[in-house]
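Visitor: Please take a close look at the part of this model where the two chains meet, and then follow the picture from there into the rest of the structure.

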Amino acid sequence: MLDFLKNTLARAWLGCALLLIATLSVAGESGGRYQIGTPATSAEVAKWNISVYSTGRNLPAGSGTVLAGEKIYANQCQSCHGESGKGGLGDALVGGVGSLASAKPLRTVGSFWPNAPTIFDYIRRAMPMSAPLSLTNDEVYAVTGYVLYLNKLLERDTIVDAQVLANIQMPNREGFVLDDR
Amino acid sequence: MSNNKKNKASRRTFLQKAAAGATGLISGAALSQANVSSDSQVLGTDPFKSMKVPGTPVGSNLYGVPSKYERAAVRHLRPADKQYLSSSSRTPLQELDGIITPNGLFYERHHNGIPTIDPAEHKLMLHGLVERALVFTLDDLRRFPSESKIYFLECSGNPDYKVFGKTAAEANGLVSCAEWTGVKLKTVLQEAGVKSSAKWIIAEGADGAGLNRSIPIEKCLDDALLVYSQNGERLRPEQGYPLRLFLPGFEGNMSVKWLRRLEVSDIALHSREETSKYTDLYPDGKAREFSFVMEAKSIITRPSGQQKLAQKGFHEISGIAWSGRGKIARVEVSVDDGRTWSVAQLQSPVLDKALTRFRLPWTWDGSSAVILSRAIDETGYVQPSLEDLVKTRGVNSVYHNNAITKWKISENGEVTNARLS
């Protein structure tokens, strides 16, 4: 009698366990979803997303002049990057063109960076170091333009916008190859 | 009540007997005197010193710290960096045993300091080429099935080709190893439904550098993790609290800390951190980009630079080996500057993309010696000498230097980096 009871209980437990496993696999695998997370609208995504691709994808509206960039540079960048981008506490931003295959390569915006839109991306998200994300989009266009002007890649009277940045041919555009180790 | 008293009494008697027995082993004369002092060099001045007073009470330190005698076991900070917001500190490999790096000694590399993030406010957005863009809180992410794995993490600049550290930390301390807990990135991606055109995922940190990197979709669907805990406790702020990406075997920079956004994309960003930095400039002036994998490497941590062998005779040579391509298959050690090699013992467990501890028993005869190790991973790849590496890469490649480190042992027992002596 006792054995019969034990067996029945054991079967019942096994049944429950199998049911539980079946339930879990429905949640986890069959639908591929756990129903976790809150949907985001495209407007929310746009607010959250500040990445600019090397192609210029996702560059924002707006523009800035090289001249305005020169002033921003003097106030917010020069203390680290030096006068006219010659470097200091921060990296040099000019020079080094033709040095990459030498014993002392100098990697700068002019000599090494392959694309201009990512200069905008980096300045907007990370510069100045003491106050990242503090520049407006117009200010970032302006100061990006000034750095490119210092590298003789833009004229002094240029109005810099998404189109201008996407069209600049950087000197080291073809300087990168896929890892072949 | 009376039972308790009896138990206490008998316990006291037992302790007295035990103490008598123990002291009896040391010296019969010491038995009756509490204030024994000894001139014996073996015993020290007072062999009972720590036994005569109660210790520090339980709970004196609700988050424990190492012994005050272990103050040398701290991260190594280069003394003369231009600034310390974008800088690094190194794990004191020479002070550690085993394969797990204590959280307080895990190497650091930040690009604009360590942000302070309230986990209650932190969110991860997953969007781009997905069926539905989703935002996750930390509570959301902890609801997913979790996984714990032991993996090493290494900065790809560990070390520069022209830097020869005095200690193991200075030479190779931008590597550490921990048990990581989180949810598989694949699981979270399935929740959003990745479209077939997806090739890359852009990861972005919520730090003052907004660090952003492009990761191949294959890695994201393989062993990538969204991590919230390290060695059993929540991530340290230095390691990305409250959420980081973890890409086993890939260069550390890609395991984006303080993770706030994942964008599924058809193209890579070619961001500053994957063009201007973290690319490997070769002598022909071309730079290798997307050099993700950390190749097999090892270093002897004991004896190592700035340590000293106090006497001739037996010494265990011990160190760590790792490979971003899988498990360590073998470690070979030479005590004659690479002329002959011995196979070291590997401490189990030998884990995929984790540090592996190796050991070799050695008897030092007191003469000058150069000791070194080389790792061989399960793909058959052999850790190269610096000379061989430089032949193809030159010295301006900055990243992915996995060359052998050599330690020189002088006749007086002092250990130095052989490239500095």
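Guide: In the contact between the two chains, 44 residues come from chain B and 39 residues from chain A, where two residues are in contact if their C-beta atoms, placed from the backbone, lie within 7 Å. This is a predicted model, in which local features need pLDDT of at least 70 and side-chain atom pairs count only at pLDDT 80 or more, while totals for chains, interfaces and linings use all residues. Residues are numbered from 1 along each chain as its sequence is written, with chains lettered from A and ligands numbered from 1 in the order in which they are written.

On the side of chain B that touches chain A, at least two residues each are supplied by β4 (123-128), β5 (134-137), α2 (138-143), α4 (185-192), β8 (200-205), β13 (259-265) and β15 (287-289) of chain B; helices (H or I, at least four residues) and strands (E, at least two) are DSSP runs, numbered from the N terminus. The residues of this side of chain B comprise 16 nonpolar, 15 polar and 13 charged, with Ala, Val, Leu, Ile, Met, Phe, Trp, Tyr, Cys and Pro counted as nonpolar, Asp, Glu, Lys and Arg as charged, and the others, Gly among them, as polar. Strand pairing also crosses between the chains: strand β4 (residues 176-178) of chain A runs parallel to β15(B) and is joined to it by 3 bridges, with A:Phe176 opposite B:Ala287. Two strands pair if DSSP finds at least two bridges between them.

Chain A itself holds 7 helices and 4 strands, which follow the pattern α-β-α-β-α-α-α-α-β-α-β along the sequence. Of its 181 residues, 33% count as buried, a residue being buried if 20 or more other C-beta atoms lie within 10 Å of its own, exposed if 12 or fewer, and partly exposed in between, with C-beta atoms placed from the backbone. Among contacts in chain A between residues at least 6 apart in sequence, 59% join residues at least 24 apart.

Within chain B, strand β8 contains B:Ala203, which counts as buried because 26 other C-beta atoms lie within 10 Å. Leaving aside neighbours within four places in sequence, B:Ala203 is in contact with B:Asn212, B:Arg213, B:Ile215, B:Leu245, B:Val256, B:Leu259 and B:Leu262. The C-alpha atoms of B:Ala203 and B:Arg260 are separated by 7.9 Å, although these residues are 57 residues apart along the chain.

Strand β10 of chain B is mostly covered, with 5 of its 6 residues buried. Its pairing with strand β12 (residues 244-246) of chain B is antiparallel, over 3 bridges, and strand β7 (residues 175-184) of chain B pairs with β10(B) in the antiparallel sense over 5 bridges. B:Gln230 stands opposite B:Trp180, and also opposite B:Glu233 in β11(B). The strands β10(B) and β11(B) form a hairpin with 2 residues between them, where B:Asn231 in the turn has a positive phi of about 50 degrees.

B:Leu226 also belongs with A:Val143 and B:Ile371 among the residues with the most contacts inside the largest nonpolar core, which has 130 residues. Such a core is a set of buried Ala, Val, Leu, Ile, Met, Phe, Trp, Tyr and Cys residues joined through C-beta atoms within 7 Å. Helix α6 (residues 137-150) of chain A gives the most to this core, with 9 residues.

The domain assignment of chain B gives domain 1 (79-288) and domain 2 (297-417), with bounds that come from an automatic or database domain assignment. The C-alpha centres of these two domains lie 27 Å apart, and 30 residues of domain 1 are in contact with 29 residues of domain 2. The side of domain 1 of chain B that touches domain 2 of chain B has 18 nonpolar, 8 polar and 4 charged residues.

Further along chain B, 4 strands form an open antiparallel sheet in the order β16-β17-β21-β20. Strands β16 (297-302) and β20 (345-346) of chain B stand at the edges, each with a single partner strand, so one side of each is left without a neighbour in the sheet. The partner β21 (residues 356-364) of chain B is joined to β20(B) by 2 bridges, with B:Phe358 as the bridge partner of B:Leu346.
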